Amino acid sequence: MKRPTTIPIGPQHPAFLEPLNIGLELEEERVVGATLNLGYNHRGMEYALALDYKKTQYLVERVCGICSNHHSAAYCQTMEDIYDIEVPVRAKVIRTIMMECQRITSHLLALGHTAETMGYENLFMQCFRERELAMRLVNEISGNRVHYSINVIGGIKRDMDAGMERHTANVMRELRPLLEDLRDVFARDNTLVKRMKDVGVLTNEQARDWCTVGPVARASGLPQDIREDGFAAYDMIDLKPVVRDEGDCYARTMVRMDECLHSIDLIEECLKLLDEGPVIMTVKGHPTGEGLSRVEAPRGELLYHVKAIGGLQLDRIKIRTPAFLNVPSVQAMLPGSRLADVPLITVSVDPCICCTDR
Amino acid sequence: MSMLRSSLRNLFQRPVTTAYPNVQADLPQSNRGRVMWEMSKCIYCRRCERVCPTNAISTNKEAKSQTIVRNRCITCNACVEVCPTQTISMVADYSKPDLAPTVHIFSANLPDYNFRVEHLPRGSGSRRPDEVTND
């Protein structure tokens with residue numbers, strides 16, 4: 001019997017934005033085995049985060065550039081759990097708006113990246129053009145484009161005035177037809193559909209076995225969405241998780257696309273919930289005790305566990321990021337596929353190595 | 001087909017991008033660009049220095065000055081919020097790009113919001129002036 005050929009893909013590869021290495025075993029063009037090798041981006045952040053709990057809220061955003069707001073929201077929620085306080089409703093609603101805005105920007109980046117991996121540069125640029133509207137909106141609301149620094153323990157830093165509420169509604173109205181056009185392209189374009197259908201299939205059982213979360217799990221028919229637990233303002237709005245059954249690259253892409261459109265619905269609902277009121281409450285004393293909080297980041301469930309010992313310094317921060325669970329599942333998707341599809345399959349799980357390695 | 005439609009539409013549209021260094025960037029008014037001091041109000045309480053998550057700010061009470069390493073600042077707004085006399089504010093535009101790490105020194109001798117520009121030696125990263133050795 002012929003021995004399979006072993007070739008490495010990565011850590012530096014044109015299709016990947018961040019360093020990850022896949023050891024592929026090939027028979028001719030077919031992949032028969034894949035081993036994932038991570039750790040190129042390890043920065044020891046969990047140790048650095050525990051040094052000063054007041055400065056940590058700025059550092060947690062730096063864990064990941066694309067879901068920075070979800071990280072700081074999860075951290076602030078955990079600290080609020082330790083202090084045992086309930087943040088004002090208006091702060092919760094604005095947090096939700098920011099999280100949904102970031103979901104749109106993150107998913108559009110993933111979609112554009114998927115298109116680029118297939119050589120569809122035109123669509124990639126179109127995705128990024130639409131994304132710019134959302135990026136500009138968050139810049140206007142929070143003051144920053146990527147790391148918003150808007151969440152603090154006890155609420156949010158910057159309130160939205162009436163003009164900004166109207167502006168947000170206008171931007172959402174402007175964004176919806178653009179995203180619907182984009183959805184049309186992703187759903188019906190021949191090149192895209194033929195390239196993505198039945199490629200990199202992750203069955204329902206495999207998705208469960210590999211503990212996938214977020215869009216990857218939902219594309220394989222697991223109706224798993226932490227937003228249904230009702231953190232922030234999600235218990236006040238009408239949430240419908242987007243679930244598909246195929247489990248291939250096409251399903252994962254379409255789940256992201258539909259979630260972008262659903263995020264617009266959610267933001268519009270949130271804008272109606274905005275009532276007058278405070279956005280921040282004062283928090284006194286150093287935290288003591290343990291807290292746990294979960295947030296649905298663009299890539300799935302993000303879990304924070306903090307142990308505080310009554311000083312500036314925290315005892316331990318444990319972060320479990322969604323990419324940490326999703327990225328290993330490519331080992332189940334790759335066997336059986338062709339070599340040319342490997343970058344596409346890897347990109348379709350939206351691998352965030354910054355999150356995975358921390 | 002659907003892509004053909006949008007491609008044709010894009011063909012007759014003006015470019016979305018701007019020629020940035022030649023054309024001024026269109027920043028929103030609420031953008032957090034860089035931190036500025038109104039030194040006539042400053043009481044040198046060092047709160048901004050202590051609260052800064054990246055240690056970008058250093059206060060010198062004797063020389064009556066505030067020093068900020070621009071490359072270190074992450075525009076998180078923490079110093080603006082903590083200031084008891086509303087000395088610190090944020091302006092929308094960014095500081096100009098430079099070849100060496102830029103240090104801006106605000107002092108009581110200069111008019112409000114004016115600063116003296118100094119450069120750290122090239123290759124010193126974004127360390128603070130007191131962390132840079134002269135070797």
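This is a predicted model: local features need pLDDT of at least 70, side-chain atom pairs count only at pLDDT 80 or more; totals for chains, interfaces and linings use all residues.

Trainee: How are two packed helices described?

Mentor: By the angle between their axes and the distance between the axes. Axes are lines fitted to C-alpha atoms, for helices over the stretch in contact, and angles run from 0 to 180 degrees between N-to-C directions. Helices (H or I, at least four residues) and strands (E, at least two) are DSSP runs, numbered from the N terminus. In chain A, helix α6 (residues 162-188) packs on helix α10 (residues 249-273) at about 160°, with the axes 10 Å apart. That angle makes α6(A) roughly antiparallel to α10(A). Angles under 35 degrees count as roughly parallel, over 145 as roughly antiparallel, 65 to 115 as roughly perpendicular and the rest as oblique.

Trainee: In which hand does α6(A) pass α10(A)?

Mentor: The crossing is left-handed; that term applies if the near helix is turned anticlockwise from the far one by less than a right angle, and right-handed if clockwise. Residues of α6(A) in the contact include Met172(A), Leu175(A) and Leu179(A), and those of α10(A) include Met257(A), Leu261(A) and Ile264(A). Being in contact here requires C-beta atoms, placed from the backbone, within 7 Å. The residues of this contact divide into 13 nonpolar, two polar and five charged. For these classes, Ala, Val, Leu, Ile, Met, Phe, Trp, Tyr, Cys and Pro count as nonpolar, Asp, Glu, Lys and Arg as charged, and the others, Gly among them, as polar.

Trainee: What angle and axis distance does α4 of chain A have with α10(A)?

Mentor: Helix α4 (residues 89-117) of chain A packs on α10(A) at about 160°, with axes 9 Å apart. The two are therefore roughly antiparallel, and α4(A) passes α10(A) in a left-handed crossing. Among the residues making the contact are Ile97(A), Ile104(A) and Leu111(A) of α4(A) and Cys260(A), Ile267(A) and Cys270(A) of α10(A). By class, the contact has 13 nonpolar, five polar and four charged residues.

Trainee: How do I check a helix's length?

Mentor: Compare its end-to-end reach with the expected span, which is 1.5 Å times one less than its number of residues. α6(A), with 27 residues, reaches 39 Å from its first C-alpha to its last, close to the 39 Å expected. Helix α3 (residues 68-83) of chain A has 16 residues that should span 22 Å, and its end C-alpha atoms are 23 Å apart, which agrees.

Trainee: How many residues of α3(A) are buried?

Mentor: 14 of its 16, so α3(A) is mostly covered. A residue is buried if 20 or more other C-beta atoms lie within 10 Å of its own, exposed if 12 or fewer, and partly exposed in between. The buried residues of α6(A) include Thr168(A), Leu182(A) and Val185(A).

Trainee: Which residues have a positive phi?

Mentor: Asp84(A), which follows α3(A), has a positive phi near 60°. Ala232(A) has phi near 45°, a positive value in a residue other than glycine. Ala232(A) sits in the loop between α9 and α10 of chain A, and counts as buried because it has 24 C-beta neighbours inside 10 Å. In chain B, phi of Thr75(B) is also positive, near 45°. Thr75(B) lies in the loop between β3 (65-69) and α3 (78-82) of chain B, and its 19 C-beta neighbours inside 10 Å make it partly exposed.

Trainee: What is the secondary structure of chain B?

Mentor: Three helices and six strands, running α-β-α-β-β-α-β-β-β from the N terminus. Buried residues make up 21% of its 135 residues.

Trainee: How many residues does each chain give to the contact between the chains?

Mentor: Chain B gives 14 residues and chain A gives 19. The side of chain B that touches chain A has six nonpolar, seven polar and one charged residues.

Technical notes
Residues are numbered from 1 along each chain as its sequence is written. Chains are lettered from A and ligands numbered from 1 in the order in which they are written. Two residues are in contact if their C-beta atoms, placed from the backbone, lie within 7 Å.
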